[in-house]
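Reader: Please show the structure, and then let us go through its contacts one at a time.

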Amino acid sequence: MNYEDFFAGSLTTLKDEGNYRVFAELERQCGAFPQAKAHGTEAKAPVTIWCSNDYLGMGQHPSVLGAMHDALERCGAGAGGTRNISGTTHDHVQLEAELADLHGKEAALLFTSGYVSNWAALGTLAGRIPGCVVLSDALNHASMIEGIRHSKAERMIWKHNDLADLEAKLASLPLDRPKLIAFESVYSMDGDIAPIAAICDLADKYNAMTYLDEVHAVGLYGPRGGGIAEREGLMHRLTVIEGTLGKAFGVMGGYIAASADLCDFVRSFASGFIFTTALPPAVAAGAAASIRHLKVSQTERQQHQARVAQLRCRLDTLGIPHEDNDSHIIPVMVGDPMKCKFISDLLLADYGIYIQPINYPTVPKGTERLRITPSPVHSDADMDRLVGALADLWEQCELARMPMAAQ
């Protein structure tokens, strides 16, 4: 076999299908975000980023930066090893305490990313509980799927947010058999929200644990930023709440929050925790500062929701189709991989606007989209430029518009 020919051929197929991904080399401008400097492209400068998961702009908040600078001066750059050997610092312990408090749980456990926290926690829980069956929502994130697959536990895939299908699958299992229902609160590509209370009711009825991924909700929803479960008063009913520090909190890392024994169980048996170098103390300190700020400040969340509502209204006025949902994620539907990439390329090159195209396999073929995430740091002028550019390109690509009656 000619290995290099195989690699090249596979990449050519991706390009021919319009699904090849090109990284835009951008340099975020601290104090001016969502403005960024583009490197190695023909883009106009500065570029405005409209697809960041730094949903609230906390990655440049003074309290976050100050905490990180302070920790860097106190501790240096790295943690020095895995948490088990030499990587547990006071900043890690403080951050886990903040996270446990945020979600009303006895304990929390840090990981290096949200992907790792899902992979390690689900893989350990499902893999080590004898006879455990995992019931996984059909649209769960790849990290959850990988964790469940890694566990080698029996799994059942239930139709997305379909309570009848979930109950039918639960009812088919012995009541005393261990079960774990794994699902998300806000689904990142469509922006829809799970019926958490009803899922908890089914978990109670059929003697199942619940594992809720809140990565696209923490910081954004609830009176203290605890996510959709906090907003709906349901945190106490969930066995495990998983989240990230790399989206609304603006830094990086992942975590679970649960009972003290469950967190200790995962800490003691999860290879993805045991053998991974700990987050740098400065990162932990910055995340803790972000969480503390968002526990008491409503300003960022209120401004964020106002910006989301404003953009939806502007898109409706133009008839540009977008998925209707109750979250902050605005998927503008293109439905063609070539046109989706073409629009994304022209937005960057001609308008200085960066929105990465979302194509297969992240979303099903025929549902290609531009995933837009407004933030409190986008200005009215930013909004005007975005809407004007989309209107121009929609016309240029001869894409369908929504009739006013359907809006």
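Author: Arg267 and Asp264 form a salt bridge, a Lys or Arg side-chain nitrogen within 4 Å of an Asp or Glu carboxyl oxygen, with their closest N and O atoms 2.8 Å apart. This is a predicted model in which local features need pLDDT of at least 70 and side-chain atom pairs count only at pLDDT 80 or more, while totals for chains, interfaces and linings use all residues. Residues are numbered from 1 along each chain as its sequence is written, and side-chain values use heavy atoms, with hydrogens and water left out.

Reader: What separates Arg267 and Asp264 in helix H9?

Author: Helices are DSSP runs of H or I with at least four residues, and strands are runs of E with at least two, numbered from the N terminus. Helix H9 covers residues 260-269. Arg267 and Asp264 are 3 residues apart in it, so the separation is about one helical turn.

Reader: Is Arg267 buried, partly exposed or exposed?

Author: Buried means under 20% relative accessible area and exposed over 50%, with partly exposed in between (1.4 Å probe, protein chains only). Arg267 has 35% relative accessibility, so it counts as partly exposed.

Reader: Why is strand E4 described as largely enclosed by the rest of the structure?

Author: Both faces of E4 are covered, with Ala107, Leu109 and Phe111 on one side and Ala108 and Leu110 on the other. Strand E4 is largely enclosed because its buried residues number 5 of the 5.

Reader: What is the bridge partner of Leu110 in E10?

Author: Two strands pair if DSSP finds at least two bridges between them. E4 and E10 are joined by 5 bridges and run antiparallel. In E10, the partner of Leu110 is Tyr255.
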